[in-house]
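Reader: I am new to this structure. Could you show me how to read its features, one at a time?

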Amino acid sequence: MKNSQKLIIAKKILLGFDGKGRAEIVEGKAIFVKNNKIKEIGPTTELKQKYKNIPEIGGENLFAMPGLVNAHHHLGVTPFQLGAQDHPLELWFAERLKMRNVPPTLDTLYSAFEMISSGVTTVQHLQSRAPGNLPSVLDQSNKIIAAYGQIGMRASYSFALRDQNRMIYDSDENFLAMLPPKYRLQLKRYFDSFSLSISEQLEVFNILTEQHAKNNLIEIQLAPSNLHWLSDKALETISKVAVDSGAKLHMHLLETPYQAEYARRRTGQSTLEYIDNFGLLGPQLTIGHGVWMTEDDIDLLAESGGCLCHNCSSNLRLKSGKADLSNFLSKNIPVALGIDEAGINDDRDMLQEMRLAYTFHRSPGHCSMNPSAAEILRMATEHGAASTPFSGKVGRLAEGLFADILLIDLQSLAFPYQDFDIPLLDIIVRRAKRKTVDTVIIDGDVVFSQGNFTRVDEDALLEEISKELSRAHTLEEIELRKLSEIIMPTVKNFYSGWY
């Protein structure tokens, strides 16, 4: 247990939101942090006197709020940077074969730089794919987890669970049969490199849970990938493990209309109705995307107490559609916010993602529903936390919770001028940018201050990434890039007429 104390001073503090979603903002108060938790929140003058020998952080020109939560994240250097252009999701799977390999430590630190500098203190890391046997997958998982520890970031890690349909919404065998015979062996070798059975993938969860049980910066949860990627047997097995372990689940569902059609063809039911047969639907489940949920689906999610993670940038970039965010919010479904693979600017800027969601869902009409700034901020804090095993431990500023705190510079926010008769939360969501982030505190430690990371050398690591990716393409990268071009027409043809 670390032994550190600090007094955090701010002009105003957003503690969180009340039961009706109203912002709880206080003025003239400070936050006393002892070790990694908030010990006391009280009048600034009193706490300064009570803890007069304690180092002070912040100042009267700052706004303190809970650290932001990126509730849906996959990797570091973006697919676009690595050679994969944006496509509709189903075609993007084939396009992603063009992506270059990046060492997991460098990859994780790259996106951590972007997230933390935009106020993110907790990330939901969904490891989409990792080839090899059980020891090699565990090694890669632990390198990712260690990188978060190196920079001081809080992370909920999961290894995505899947056992079928690796390229299209049909079996690997059927897809191989669609290809010209001379290309089948190469693609089969690629499929075979992801060889872990569901039981072995669940062993990754069990081993990591045990290894990191005493690491309060890390939680391990379950991520059943999607209906089309999981057999009924896998869904049944995962549900049993979730019940036995009490683990949280995060599941991509109904991201595209093709996924809705797949569920109809496979089950004759909606996706949510079908997974409910396996006991997967409930307060422990967060649905990633949910763009193509029907009104009945939304009602079912609300009744079950489940969460939704809205990924606005991703839905736009991959032509997935527009989620009915106002409808979710009107039914009191806890909605988190995620940046997914990358935001609209091809980075992990959570302040930008909040602004995009805030603006994109302003529907036409004088009386139309649209999310408020408070709802957007709640998505990025409390409800983001609720979608992870850190629920009730972060996402608010209160005594006894982990000290994950974002300090925004109000002078920078207002420069050259801002009328503060406009409600402060509206100003934060509309105008806060990376340059306004003064300090980021995670687990009681200052990890980012006035543009600099305190634990890592950002410039040196970016140079290392640049050097790593400036090398010539490997033979494997060249072969997979060619394979992507070869299989793309077959993938396109498979979905012809679906929608």
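Author: Start with C307. Its relative accessibility is 4%, so C307 counts as buried. Buried means under 20% relative accessible area, exposed means over 50%, and partly exposed lies in between (1.4 Å probe, protein chains only). This is a predicted model: local features need pLDDT of at least 70, side-chain atom pairs count only at pLDDT 80 or more, and totals for chains, interfaces and linings use all residues. Residues are numbered from 1 along each chain as its sequence is written, and side-chain values use heavy atoms, with hydrogens and water left out.

Reader: How many disulfides does a search of the whole structure find?

Author: A disulfide is a pair of cysteine sulfur atoms within 2.5 Å. The search finds zero. C307 is in none, and its nearest cysteine sulfur, that of C309, is 9.6 Å away.

Reader: Is S136 buried, exposed or partly exposed?

Author: S136 has 30% relative accessibility, so it counts as partly exposed. S136 sits in helix α4, residues 134-151. Helices (H or I, at least four residues) and strands (E, at least two) are DSSP runs, numbered from the N terminus.

Reader: What does the side chain of S136 reach?

Author: Look for a polar contact: a pair of N or O atoms within 3.5 Å; within protein, one must be able to donate a hydrogen and the other to accept it, and residues adjacent in sequence count only if both atoms are side-chain atoms. Here the S136 side chain reaches the backbone oxygen of N133 at 2.9 Å.

Reader: How many cavities of 30 Å³ or more are there?

Author: On a 1 Å grid over the protein atoms alone, a cavity is a set of points where a 1.4 Å probe fits but cannot get out; lining residues have an atom within 4 Å of a point. Points are joined across faces, edges and corners, and a volume is the space filled by probe spheres set on them. The count is three.

Reader: Which residues lie nearest the centre of the largest cavity?

Author: They are S128, R129, R162, S225 and W229, out of 38 lining residues.

Reader: What about the second largest cavity?

Author: It holds about 100 Å³ of space. Its lining includes W92, R317 and D346.

Definitions and conventions: 1 Å grid on protein atoms, 1.4 Å probe; cavity = no way out; pocket = protein on both sides within 12 Å on 5 of 7 lines; lining within 4 Å.
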